[in-house]
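I opened this model to look up a few side chains and the core. My entries follow the display.

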Amino acid sequence: MNLRLITRYFYPLSLVMSLLLMAGCDGQPTTNQVCETHPELCEGLNIGDGQCRFERSDLIFDRLAVDQKPTDLNKLTELKQTKAYLRCMELVAGIEPTTLKERKTKRTEAVYHAYDAIARLVRRAGGLLSTSSDLLPLVTR
């Protein structure tokens with residue numbers, strides 16, 4: 001094939017395909033966007049730290065789901081994810097950073113905030129936990 005012919009057809013086609021792919025990325029907001037629009041959902045989390053980022057992102061989106069639709073299942077999912085985030089942060093808080101010493105302080109604070117969040121969620125879901133034995137395994141995992 002002629003190089004000129006390939007570039008003539010391939011370049012416009014690849015440009016159109018990349019534009020279509022980028023247009024499909026406007027679905028779910030990023031965690032940064034959620035934290036900008038709802039800073040209360042990200043309060044007390046170790047934002048800006050690479051540790052536990054998957055658990056943190058899941059927790060932010062679970063908090064957003066409860067904020068938008070406070071169903072019992074969403075609340076229990078938030079509680080479960082807060083416990084997963086806490087488990088991760090407890091491990092990370094024991095790591096001694098070599099350069100940025102303030103990270104350990106922020107991680108320890110995030111652990112305390114997670115404990116407070118779990119206590120708050122358990123109090124808020126108190127009646128639900130005692131009456132819904134079928135949903136209780138979601139909390140204890």
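Which backbone nitrogen lies 3.3 Å from a polar atom of the side chain of Asp49? I found that it belongs to Gln51.

Before going on, I noted that the model is predicted, with local features needing pLDDT of at least 70, side-chain atom pairs counting only at pLDDT 80 or more, and totals for chains, interfaces and linings using all residues. Residues are numbered from 1 along each chain as its sequence is written, and side-chain values use heavy atoms, without hydrogens and water.

Entry on Asp49. I located Asp49 in the loop between α3 (39-42) and α4 (53-68); helices are DSSP runs of H or I, at least four residues, numbered from the N terminus. Asp49 counts as buried because its relative accessible area is 8%, and buried means under 20% (1.4 Å probe, protein chains only). Leaving aside neighbours within four places in sequence, I listed Arg56, Arg103 and Arg107 as its contacts (heavy atoms within 4.5 Å).

Entry on Gln81. I found Gln81 in helix α5 (residues 72-93). Gln81 has 14% relative accessibility, so it is buried. With neighbours within four places in sequence left aside, Gln81 is in contact with Glu55, Asp58, Leu59 and Asp62.

Entry on the core. The largest nonpolar core has 21 residues; such a core is a set of buried Ala, Val, Leu, Ile, Met, Phe, Trp, Tyr and Cys residues joined through side-chain atoms within 4.5 Å. I noted that α5 gives the largest share of this core, seven residues. Tyr85 is one of the residues with the most contacts inside this core. Not counting residues up to four places away in sequence, Tyr85 touches residues including Leu45, Cys52 and Ala110.

Note on methods
Helices (H or I, at least four residues) and strands (E, at least two) are DSSP runs, numbered from the N terminus. Buried means under 20% relative accessible area, exposed over 50%, partly exposed in between (1.4 Å probe, protein chains only). A polar contact is a pair of N or O atoms within 3.5 Å; within protein, one must be able to donate a hydrogen and the other to accept it, and residues adjacent in sequence count only if both atoms are side-chain atoms.
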